[in-house]
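Here is a short briefing to read with the model open beside you. Take a moment to find your way around before moving on to the notes.

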Amino acid sequence: MLAAALATAACGSGSTQTTAAATGKPEVVAAFYPLQWLSEQVGGSDAQVTVLTAPGVEPHDLELGIKQVTDVKNAALTVYIKGIQPAVDDAVEPDKSFDAATAVTTLPAGEHEEHAEHEEHAGESEEEHAEHADVSYDPHIWLDPSRLATVATKLGERMAAADPAHAQGYRDRAAKTAATLTGLDQELSQGLSTCRSKTLVTAHEAFGYLADRYKLKQVGITLDPEMEPSPARLSEVAKLARSEGVTTVFTESLVSPKVAEVLASQVGAKTAVLDPLESKPSGDYVSAMRDNLKTLQTALGCTA
Ligand SMILES: [Zn+2]
């Protein structure tokens, strides 16, 4: 049944062969790292998982080449999060895609940067602005392991439906992955329960779900890592950081630390790398989240 569907898709796009056809396994295309990790855990040896965003590439506003668009069209399933990458949102087909954001309760997107854009660049770059305003929720759902556990379970059901012959395998691996993520959630919950500070000053607002889950407060300098913060936003964040006695401004490896360093020196704080996991870490999702926990415990003065 799946082979028939793949053959039809291949004919429709004029492509003659796909990786999936070559291995006989359904091809699952993941938009970027955390979804790749999740798809590999749930897909196991039954699925062939590829990723659209290469390691070391910042995924926001990724542009897709013709081959990648063809891969998405030919895949049995594309796993993505609507609102992170408009080109992926445009390429996916509703009946052959899984939007992880639909699996969980989302939080509203931050608004400060949009206001700044309206004031300072009125009339300019309306198209760019529209891209960022594409969804009304914060799309960084993977930084809450408890939400990602829910996504794992629903992805298992979705893969089982796409490849019924291996349904039990997908469901079993999804349950195992969800259990791992629930355990990680408990580690973070305990590790962040007793901290001197609760304020996270971050380079871009990726950590809203982590903050929501563990009762921290995120103050992001920008919403999108490719956007320059306005001077007004910078001084607003500096004021807040001073009044809350923030000791650390968090940077991330794929974004220039310059803005965070300037802010840190203004308020007498240090910088530390907190990984938003938008690209493949040196370990995997779980080990990178444990590293994030250690970084947070040091920066926020947690005693647990
Ligand atoms: Zn982001």
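The notes below cover a sheet, a disulfide and a cavity.

This is a predicted model, in which local features need pLDDT of at least 70, side-chain atom pairs count only at pLDDT 80 or more, and totals for chains, interfaces and linings use all residues. Residues are numbered from 1 along each chain as its sequence is written, and side-chain values use heavy atoms, with hydrogens and water left out.

- Four strands form an open sheet in the order 2-1-3-4, with parallel pairing; strands pair if DSSP finds at least two bridges between them.
- At the edges are strand 2 (48-51) and strand 4 (97-99), each of which pairs on one side only.
- On average, neighbouring strands of this sheet are turned by 20° against each other, direction ignored.
- Strands (E, at least two residues) and helices (H or I, at least four) are DSSP runs numbered from the N terminus.

**Strand by strand**

- Strand 1 (residues 27-30) runs parallel to strand 2, joined by four bridges, and V29 stands opposite T50 there.
- Strand 1 is also joined to strand 3 in parallel, by three bridges, with V28 opposite L77.
- Three bridges pair strand 3 with strand 4 in the parallel sense, and T78 has S97 as its bridge partner in strand 4.
- From strand 3, L77 and V79 point one way while T78 and Y80 point the other, and all are buried (under 20% relative accessible area with a 1.4 Å probe, protein chains only).
- Helix 8 (residues 145-162) lies across strand 1, strand 3 (77-80) and strand 4, running at about 165° to strand 4; angles run from 0 to 180 degrees between N-to-C directions of axes fitted to C-alpha atoms.

**The disulfide**

- By the rule of cysteine sulfur atoms within 2.5 Å, the count comes to one disulfide.
- This disulfide joins C195 to C302, with S to S 2.1 Å, and both cysteines are buried.
- The link of C195 and C302 is right-handed, with 100° about the S-S bond.
- C195 lies in the loop between helix 9 (167-191) and strand 5 (199-204) and C302 in the segment after helix 13 (285-300), so the pair ties together parts 107 residues apart in sequence.

**The cavity**

- Searching the whole structure finds one cavity of 30 Å³ or more; a cavity is a set of points on a 1 Å grid where a 1.4 Å probe fits but cannot get out.
- The largest cavity has a volume of about 50 Å³.
- Lining the largest cavity are P26, V28, A76, L77, M159, A162, D163 and Y170, where lining residues have an atom within 4 Å of a point.

Notes
Contact means heavy atoms within 4.5 Å. Buried means under 20% relative accessible area, exposed over 50%, partly exposed in between (1.4 Å probe, protein chains only). On a 1 Å grid over the protein atoms alone, a cavity is a set of points where a 1.4 Å probe fits but cannot get out, and a pocket is an open set with protein on both sides within 12 Å along at least five of seven lines; lining residues have an atom within 4 Å of a point. Grid points are joined across faces, edges and corners, and a volume is the space filled by probe spheres set on the points.
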